[in-house]
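This briefing covers model confidence, a surface patch and salt bridges. The sequence and structure come first.

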Amino acid sequence: MPGFEVDKNLSKQTTTIKEFNISKPNAYHDKLRKIDETLEKENLELQKKREFKAQYPHVIFEEPFVPERPSRFCKIEEFNLHSEKRGVDRKIFDEDLEQLRLEREKAMEECEKKQKEIEAKEIAELRKKTVHKSQQNRRIQKARISRYIVK
């Protein structure tokens, strides 16, 4: 072609082409291999733990353990039971409670007494008001009774 000249630099490739894989087929196998390795390590550790290893019997040559005995004479200290103090406190509490109960009963009796007196007064007033009192009829003249009898 007459108008087009091919550049000599284009014919040389400056970059190499490599295959691009998004999914790595080796990743799955690598993961499986790691899991297998960890399982093998754990099995070896467990096997080592199961093996019996005898230790030196140093207990045979040592003196046996002897606990210390306390002295024969024990000093007994005085003590106060909490129940004694609690009993006294409870007695005082019961007395106060009884006194409060008696005061309440007195107050209730006085209240009932006052209520009865008020009711009695009210009943007396109502009776006074409701008892019929005859009143004179002022429209009618009084009848006169004469001493003479007419025949």
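By about how much of a helix are Glu98 and Arg101 separated in helix 3? The two residues are three apart in that helix, and therefore lie about one helical turn from each other. Salt bridges with shared partners link Glu98, Arg101 and Glu105 into one network.

The model is predicted: local features need pLDDT of at least 70, side-chain atom pairs count only at pLDDT 80 or more, and totals for chains, interfaces and linings use all residues. Residues are numbered from 1 along each chain as its sequence is written, and side-chain values use heavy atoms, with hydrogens and water left out.

**Confidence**

- The protein chain has an average pLDDT (the predictor's confidence in each residue, from 0 to 100) of 84, and 84% of the residues score at least 70.
- Confidence is lowest in helix 1 (residues 8-11), with a mean of 60, and highest in helix 3 (residues 82-130), at 95.
- Helices (H or I, at least four residues) are DSSP runs, numbered from the N terminus.

**Nonpolar surface patch**

- Tyr56, Ile60 and Phe61 make up a nonpolar patch on the surface, and together have about 430 Å² of accessible area.
- Such a patch joins nonpolar side chains (Val, Leu, Ile, Met, Phe, Trp, Tyr) within 5 Å, from residues with over 30% relative accessible area and no salt bridge.
- Accessible areas come from the Shrake-Rupley method with a 1.4 Å probe, and for residues only the protein chains shown count as cover.
- Phe61 lies in the loop between helix 2 (25-50) and helix 3, and counts as exposed because its relative accessibility is 62%.
- The accessibility classes are buried (under 20% relative accessible area), exposed (over 50%) and partly exposed (in between), with a 1.4 Å probe and protein chains only.

**Salt bridges**

- The structure holds four salt bridges, each a side-chain nitrogen of Lys or Arg within 4 Å of a carboxyl oxygen of Asp or Glu.
- In the bridge between Glu98 and Arg101, the closest N and O atoms are 2.1 Å apart.
- Glu98 is partly exposed, at 36% relative accessibility, and Arg101 is partly exposed at 36%.
- Arg33 pairs with Asp30 in a salt bridge whose closest N and O atoms are 2.7 Å apart.
- These two residues are three apart in helix 2, so about one helical turn separates Arg33 from Asp30.
- Arg33 is partly exposed at 44% relative accessibility, as is Asp30 at 32%.
- Asp94 forms a salt bridge with Arg90, with 3.4 Å between the closest N and O atoms.
- Asp94 and Arg90 are four residues apart in helix 3, which means a separation of about one helical turn.

How values were computed. Patch = residues over 30% accessible without salt bridge, like charges linked within 9 Å, V, L, I, M, F, W, Y side chains within 5 Å.
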